[in-house]
Amino acid sequence: MSVLAKEPGAYDVYAGLIRREYVHVDKDVYCSKRAEVLTSFLQNGRPIFACEAMREAGLEERARKNVEREVRLLKEGVIPGECDWRRLVVDGVMSYAFRASPAQIW
């Protein structure tokens, strides 16, 4: 779970790699279901990280911001880290959202 607290650019790469693992899933279904899973991390009433040291280091806050940003993008049909070289700014974070199929890139 620590990957959720990466710097935003690194998190976007991670999100793109996750999409690559599920390239066989229709994009709309992927966006909907991934947003649903990520939202559950935010709405279960518990911290993302069970380890207090992670929370004290500020990683809980960064993870929540990354997850919230990805959920917003997914609801717009945009997958962070997927390839079409379109730059987006979400919450002041420069993100590269890619709309081409990962299968076309890899």
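I take contact to mean heavy atoms within 4.5 Å. The model I am working from is predicted.

**Entry 1. Overall layout**

I looked up the secondary structure of the protein chain and found 5 helices and 2 strands. Reading along the sequence, I noted the pattern α-α-α-α-β-β-α. The protein chain has 106 residues, and buried residues make up 36% of them. I then took the contacts between residues at least 6 apart in sequence; 48% of these join residues at least 24 apart.

**Entry 2. Helix H1**

I checked the length of H1 first. At 1.5 Å a residue, its 14 residues should span 20 Å, and the end C-alpha atoms are 20 Å apart, so the two agree. I then listed the buried residues of H1: Tyr11, Asp12, Ala15, Gly16, Ile18 and Arg19. These cover an arc of only 155° around the axis, which means that they sit on the same side of H1. On the face turned away from that buried side I found the exposed residues Val13 and Glu21.

**Entry 3. Helix H2**

H2 runs over residues 27–43, and I made the same kind of check on its length. Its 17 residues should span 24 Å at 1.5 Å a residue; the end C-alpha atoms are 24 Å apart, which agrees. Which residues of H2 are buried? I noted Tyr30, Cys31, Arg34, Ala35, Leu38 and Thr39. Their arc around the axis is only 150°, so they lie on the same side of H2. Looking for what covers these buried residues, I found that the cover includes helix H1 (8–21) and helix H4 (59–75).

I also looked at both ends of H2. At its start, a side-chain oxygen of aspartate 26 comes to within 3.1 Å of the backbone nitrogen of aspartate 28. After H2 comes glycine 45, with a positive phi near 80°.

**Entry 4. The largest nonpolar core**

In general, nonpolar side chains in soluble globular proteins tend to be buried together. The largest nonpolar core here has 17 residues, and those touching the most other members are Leu4, Tyr11, Leu38, Phe49, Ala63, Val67 and Leu74. I traced the members to their helices: H1, H2 and H4 each supply at least two. H4 gives the largest share, 5 residues.

**Entry 5. Tyrosine 11**

I returned to tyrosine 11, one of the core residues that touch the most other members. Is tyrosine 11 buried or exposed? Its relative accessibility is 0%, under the 20% cut-off, so tyrosine 11 counts as buried. I left aside its neighbours within four places in sequence and listed its contacts: Val3, Leu4, Lys6, Arg34, Leu38, Asn66, Val67, Arg69 and Glu70. Of these, Arg34 and Leu38 are also among the buried residues of H2.

**Entry 6. Aromatic pairs**

I counted 2 aromatic pairs. In the pair of tyrosine 11 and tyrosine 14, the ring centres are 5.5 Å apart and the planes stand at 55°, so I logged the pair as tilted. Both tyrosine 11 and tyrosine 14 belong to helix H1, 3 residues apart, about one turn of the helix. Tyrosine 22 and tyrosine 30 also form a tilted pair, with 6.3 Å centre to centre and 40° between the planes. I looked up the accessibility of both partners. Tyrosine 22 is at 41% relative accessibility and so counts as partly exposed, whereas tyrosine 30 has a relative accessible area of 5% and is buried.

Notes:
Residues numbered from 1 in each chain as written. Predicted model: local features only at pLDDT ≥ 70, side-chain atom pairs only at ≥ 80, totals over all residues. Heavy atoms only, no water. Helix = DSSP H or I, 4+ residues; strand = E, 2+ residues; numbered from the N terminus. Expected span 1.5 Å × (residues − 1). Buried < 20%, exposed > 50% of the residue type's maximum accessible area, 1.4 Å probe, protein only. Arc of directions from axis to C-beta. Polar contact = N/O pair within 3.5 Å; in protein donor to acceptor, adjacent residues only side chain to side chain. Core = buried A, V, L, I, M, F, W, Y, C linked by side-chain atoms within 4.5 Å. Phe/Tyr/Trp six-rings, centres within 6.5 Å; stacked < 30°, edge-to-face > 60°.
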